[in-house]
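Trainee: I have a new structure open and would like to learn how to read it. Could you take me through it step by step?

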Amino acid sequence: MAAARMTVMTDTTGTVRHDVADLAESLLTHDDADLDRPFTILTHRQASSLVERREALRPLYEAIVARIGPPTLLGGTAHGPSVRWHGSERILLLSGDHGEALLSAHEATAFVQEEYSRFDSGGLPYTWQLDRHGPGHDHGWTFNGHAAANGWAQTEEHLAQILASWAEHMPLQAPGDWVSFKLWASRDWGRTMIVSYQPSQTNRELCAVIDDRGHEQTPERAAQMRARGWQDLDDTGRWYTRLPETDPTAPATLARLIVTDLRARGTVSSHEVTAWDISAGDQGKLWVPGIGVDVHPRRGEHF
């Protein structure tokens, strides 16, 4: 269904913020609200960066929260936000892609059942979701599994997408919070790679670090590691790569480094890789069905 438009939402003036807040309130609470119809609240310019999209949406998002309260669930897809406010009978969804941001309201039971069905059939309605027990109703449908990638290329793509999504949406939805996870590979069990997004680390927000203490750090070893994409070695035998969120290639670069290093250490398939300690600021439950690898602890296929 084509998105309906309000007034032209290419700026974020006070009038626009007020109109968007009015729309959010009416969609969530008014009896005559137009359900299942997306309304465009912001149009991004072509080829806008994730930081530009994030900052353009910020005043509108803040206006919505100021009017109707904080969301029930935070989250994002590979291309845009996925934020939900759960009323007793209705869900308000902030969604979109790299071209626009949308607001839509849906009958709650039908919405969660349809989303669950999409998961069950192999679809991916969202890449990540953060449950911090926000206000609103729990409608009882949660997908707690993951969508395994089909080969290394897809693993790399999924990792790049989730890193980019965190960089675009976490500072807006959860200001100041970091996100991180650990990767272990079954053929190199016990060696920890930590991948993170840290908004407080200006110009090096996206980061990966690998424990390489099992190898003598010779000039030859340094050349090997730098060829994989690692940048710096600390005095404890850990290699780091830190990249700025303002670099549009940074998420893909970090994902390529992760996959290259895993394969160089003997991992044959992405199915041998597990993500551990997946956390957003050590608050709430972070579900990552779009991460592209297995997760631990396994939370069951569905519930």
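Mentor: Gladly. Keep in mind that this is a predicted model. Let's begin with a helix and the strands under it. Helix α4, residues 152-173, lies across β3, β7 and β14. It runs at about 30° to β7.

Trainee: Which order do the strands of that open sheet take, and is the pairing parallel or antiparallel?

Mentor: The general idea comes first. Strands of a sheet pair through backbone hydrogen bonds, either parallel or antiparallel. Here 3 strands form an open sheet, in the order β3-β7-β14. The pairing is antiparallel.

Trainee: Which are the edge strands?

Mentor: Look for strands that pair on one side only. They are β3 (74-76) and β14 (285-287). From one strand to the next, the twist averages 10°.

Trainee: Over how many bridges do β7 and β14 pair?

Mentor: Strand β7 covers residues 128-131, and it pairs with β14 over 3 bridges. The sense is antiparallel. Glutamine 129 stands opposite tryptophan 287 in β14.

Trainee: Now the domains. How is the protein divided?

Mentor: Into domain 1 (19-131) and domain 2 (152-296). Their centres, taken over C-alpha atoms, are separated by 28 Å.

Trainee: How many residues of each domain are in contact with the other?

Mentor: Count both sides of the interface. Domain 1 has 24 residues in contact with 25 residues of domain 2. The two domains bury about 2,100 Å² between them. Carbon and sulfur atoms carry 63% of that area.

Trainee: Which three residues supply more than any other three of the area that domain 1 buries against domain 2?

Mentor: Leu50, Arg54 and Trp128. Together they supply 32% of the area on the domain 1 side.

Trainee: Which elements give two or more residues to the side of domain 1 that touches domain 2?

Mentor: They are α2 (50-68), β3 and β7. Helix α2 gives the most, with 7 residues.

Trainee: There is another sheet to read. In which order do its 7 strands come?

Mentor: The order is β11-β12-β10-β9-β8-β13-β15. This sheet is open too, and its pairing is mixed. Its edge strands are β11 (232-233) and β15 (294-295).

Trainee: Is the pairing of β13 and β15 parallel or antiparallel?

Mentor: Parallel, over 2 bridges, with β13 spanning residues 273-280. Alanine 275 has valine 295 in β15 as its bridge partner. Helix α6 (residues 250-264) packs on this sheet. It touches β8 (179-185), β9 (193-197), β10 (206-211), β12 (238-243) and β13. Its direction makes about 15° with that of β10.

Trainee: How many salt bridges does the structure hold?

Mentor: The total is 19. Arginine 67 pairs with glutamate 25, and their closest N and O atoms are 3.0 Å apart. Arginine 67 sits in helix α2 and glutamate 25 in helix α1 (residues 14-29). The two are 42 residues apart, so the pair links distant parts of the chain.

Technical notes:
Residues numbered from 1 in each chain as written. Predicted model: local features only at pLDDT ≥ 70, side-chain atom pairs only at ≥ 80, totals over all residues. Heavy atoms only, no water. Pairing = 2+ DSSP bridges. Helix = DSSP H or I, 4+ residues; strand = E, 2+ residues; numbered from the N terminus. Axes fitted to C-alpha atoms, helices over the stretch in contact; angles between N-to-C directions. Contact = heavy atoms within 4.5 Å. Domains from an automatic or database assignment. Buried area = accessible area lost by both parts, 1.4 Å probe. Salt bridge = Lys/Arg side-chain N within 4 Å of Asp/Glu carboxyl O.
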